[in-house]
Amino acid sequence: MSGESAFSGIQDGVGPWISSSRAPADNRLDMDTSAEHLVGAVTAFNALKWGYLSAITGFDSGTAAPSDGHIEVLYHFCRGPSVATFRVKLPREDPSVPSIGPLVPSAVMYERELSETMGVNVAGLPGRKRQFLSDDWPEKVYPLRKDFTMESAAATHAEAPTVGGEDEPGTFIIPIGPQHPALKEPGHFELAVDGEIVTHANIRLGYVHRGIEKGAEDRSWVHNIYLMERICGICSHIHATAYVLGVESLAGVAVPPRAQAVRTIFCELERIHSHLLWLGVAAHQAGFDTLFMYSWRDRETVMDLLEELSGNRVNYSVNLLGGVKYDIVGKAADSIRRGLDFLERRLKRYLKIVTTDESFLRRTRGVGTITFDEANRLGTIGPTARASGVSRDLRVEAPYMAYRDFPVVPVLDSRCDLEARFVVRINELFESCRLTREILNRMPAGELSVPAPRKVPEGEVISRVEAPRGELFYYIRSTGGAKPDRVKVRTPSLCNWAAVLSVAVGHKLADIPMIMVGIDPCFSCNDRSITLRRRGAPGGVPGALEQWSWEDLRQYGIKYYAGGGR
Amino acid sequence: MNVVLALIALVLFPGGLFVILGSLAFEYADRKLIARFQNRVGPRWFQPLADLVKLLVKEEIVPTGVNRGLFNGLPVAALAASLTAALYVPMAGLAPAWGFRGDLVVTVYLLMMMTLCIGLAGANTLDRFSLIGSTRALTQLFSYEAPFLLALLGPSIAAGTWRISEVNGYARENVWMIVTQPLGFVVALIGLMGKLELPPFDAPEAETEIVSGALTEYSGRGLAFFRLGRDVELLVGLTLISAFYLGGLANPLHFILKTLALLFVTAGLQSLFARLRIDQTVGLWWRAGAVLALVQLLLLIVLKLLGVRL
Amino acid sequence: MKIASMLNDVFVSLFKRPFTELYPYAAKPAPERLRGKLLWDEQKCDGCKLCVRDCPARAIELEVADRAAKIFVYHYHMDRCIYCAQCVASCKEGALSMSSTLYHLASADKAAFTEVYRAKGTGVCKEEETPD
């Protein structure tokens, strides 16, 4: 599908609302609009039913001097390989846009991130105060602005933070997180329950926000590969890959086919690793520890393989700007084949267990159903969407790297429930095994890397790849220097949280961990401030909370043991 | 029985210390078996003892707003009940330390005290997780206790007595009742697993949903006592079931072999299933369990009336 | 409808050795490509400092007293290093490599994590002992 026909109809549909448009790349259409016309443009766009909202980027085009430049907000809508973006330029002193949440439910999460980190005033945003930055982060200090300084962040400390607040009469709130055995990483979910049935669900992220996007602006192009790799442990390679693909595109570097094939093999091996890990975690959430132990035992096969190929079990550090570091030849290729044979045998067993074991099916069949229309409306992506019959897979729709020469067969399921998500992921594993074998058998010859420039020419690029959890969206902007101007990362789990919240209502409390784990959430990917809050037993007054900060807890521990234990 | 012997029986053997150490050994065997089923190594022999000692020396945090007396007293009551129950069963294959007509009912009641105490403890601490855990524990109590008692009633009716030592004697002389009353055996074993909240019936303490259920706020000594009480109850329960259904316990060798065999089966059952949701455990067992037990009893009564010797 | 679907696995495991590796009593040999401690070949180094520039963790410092005569002082911080091997890829002379045998790098003393080499053109003399 060429760029022209992919965007046809859009210009006519939103014509009156945009001031100008251009196509900066084959698969991109940029349309300029203003804050006043934004809602009209998005409404008209929605009526075309062209695509889904993938990310909202904000960048500050200025410098440290507050009067330079402007703030720009980009609304990226995607359909297959094509990206249509609405661009709104805003003045730095008082940037405001209306919320498009009423039109696009998944926008709320992105708009909140925008308002907290970039300081854009999004009018009409519902809900709680903070989602990504910690509750005691000072007001009016926006980290992603160019005039942000560490001193301004340390300067003011808001008063004692509160989590949640008072329970409304008649409701009973179960807090899940930030510390909870159900969560591998901290997040806070407030579930209002009536007996065992959930009546309302709320989410608060940001507990492991590390400021990676801001950090990227201070590191060279090469350093950032490793920073991006550490956004997440189980999707580390795909993050680095999305980044280098974007930078190479900006710099006009043509990566040799063998390097692309090696990158793809690592991507697929990582997908195998990630899905096996998820299988174990999901089984553990269901209380089926035996399946957990066995699937993780088998996961060791792929981890050992990755260690043999790259030198590390996690953070393979395979990518270079312009290619890869390691080759896959001879003995290594044979190891991969043997490992895949073993895994396929085990996977057949797991598929049978997941689809026939009665005790397991009781926890997954008919639970957490997201219908096809709901999935579309909520903007779900990845295996979660594919289990509801929505065929979104970037490897198929917008092939990149070696997927052009080695096509992927999409795995779909129409049952829409948790069981479907299990089946989809296991079938994707079979597909990954097949694909890896095929690439190994027909590896293109050639070099492993080509030189890349240290200063990347000015421009913007959007790099989208299919991570194990769904579409990973990178927006990279360069002003011609040795460091990037803006790197925006929108990870797949962020898209799927809206689905969880809407599906949670009406289910039993016992099903909530399974539903949460069904989207394969990766908190590290979501947050780029740690405050310990202990929700103690309220004394007589419903909803009153006890709060200790980390420092209080630490001091208490020290005093306790220094005093001989009493 | 003179006072010294009585004290020894109560504190050292076969009650008290022996039961405590024995239950720790059984916890080790259980965890090791489950680990081997899952292709893992499992803990070393002193792990349960180390866990107990560790908990005993840790600080106990009493949350605000609870009734202190209840908070501190319930774990003691639970452990005391379990240890007392141990006195009435043929521990170590020897005759029970005490016995009287009707001690079966008393023993079952003492075994139920544990779950009651957990439920009360959960309701006492006003934490959300504990409240839900306590509700689930008490709900599960209703579904498991009744079938469990009915299942123990079967051998008792066959033996024609309410006294545990006499049922034990009867079981020694006759065909193993697992053969003549298989339904009762199944109900009893699963009833025991439900009472102890062993997987897959551990919804009341589903770690991934409600942290630790009713015991969430317990730490230090209180938690140690509850856990120990649970282990003791496992030992006592297994002894009781093997005494009734596996042909009685005549000597220590029988005791070790039969209870370990039952433990093996229990560990296997723990590994093979996903956790059932609370409504599923209750729904399944309240109907299926009670019905099976009643059917078994009915069969028994009819056969006895017909004069068939079992 | 199937219950106890994992019965097969569970039963077989009783007769198999546990999968767990009893490290450190039993250790698998490390793969050849393992990224362990960084090794520097002073003969090949030509003092271009690309490794210093490209290291994401600022783990390498190189003082060049005389580039032609190869008089260098090379600092390597094992605690800062993230073992990514970018320096190995950046070095045009192939003077850097990552050891696959030196990876037991834990130490209770911070000083042990910095290695300083002085190259004098004819040979290298290492200043600090390294932990193993």
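Tyr52 of chain A stands opposite Cys78(A), which belongs to strand β4(A). Keep in mind that this is a predicted model. The pairing behind that contact is β3(A), residues 52–60, with β4(A): the two run antiparallel and are joined by 8 bridges.

On to its other pairing. β4(A) is also antiparallel to β5(A), residues 82–90, with 9 bridges between them. One of the pairs there is Glu72(A) with Lys89(A) in β5(A). The hairpin made by β4(A) and β5(A) has 2 residues between the strands, and Gly80(A) takes a positive phi near 60 degrees in it.

Next, β5(A) and β2(A). Strand β2(A), residues 28–33, pairs with β5(A) in the parallel sense, over 6 bridges. Here Arg28(A) has Val83(A) in β5(A) as its bridge partner.

Now the whole sheet. What is the strand order in chain A? It reads β1-β2-β5-β4-β3, an open sheet of 5 strands with mixed pairing. β1(A), residues 20–25, and β3(A) are the edge strands; each has a single partner strand, so one side of each has no neighbour in the sheet. On average, neighbouring strands are turned by 25 degrees against each other, direction ignored.

Last, the helices. Helix α3(A), residues 35–48, packs on the sheet and touches β2, β4 and β5 of chain A. Its direction makes about 160 degrees with that of β5(A). Helix α4(A), residues 107–118, also packs on the sheet, touching β3 and β4 of chain A. For α4(A), the angle to the direction of β3(A) is about 5 degrees.

Terms used. Residues are numbered from 1 along each chain as its sequence is written. Chains are lettered from A and ligands numbered from 1 in the order in which they are written. This is a predicted model: local features need pLDDT of at least 70, side-chain atom pairs count only at pLDDT 80 or more; totals for chains, interfaces and linings use all residues. Side-chain values use heavy atoms; hydrogens and water are left out. Two strands pair if DSSP finds at least two bridges between them. Helices (H or I, at least four residues) and strands (E, at least two) are DSSP runs, numbered from the N terminus. Axes are lines fitted to C-alpha atoms, for helices over the stretch in contact, and angles run from 0 to 180 degrees between N-to-C directions. Contact means heavy atoms within 4.5 Å.
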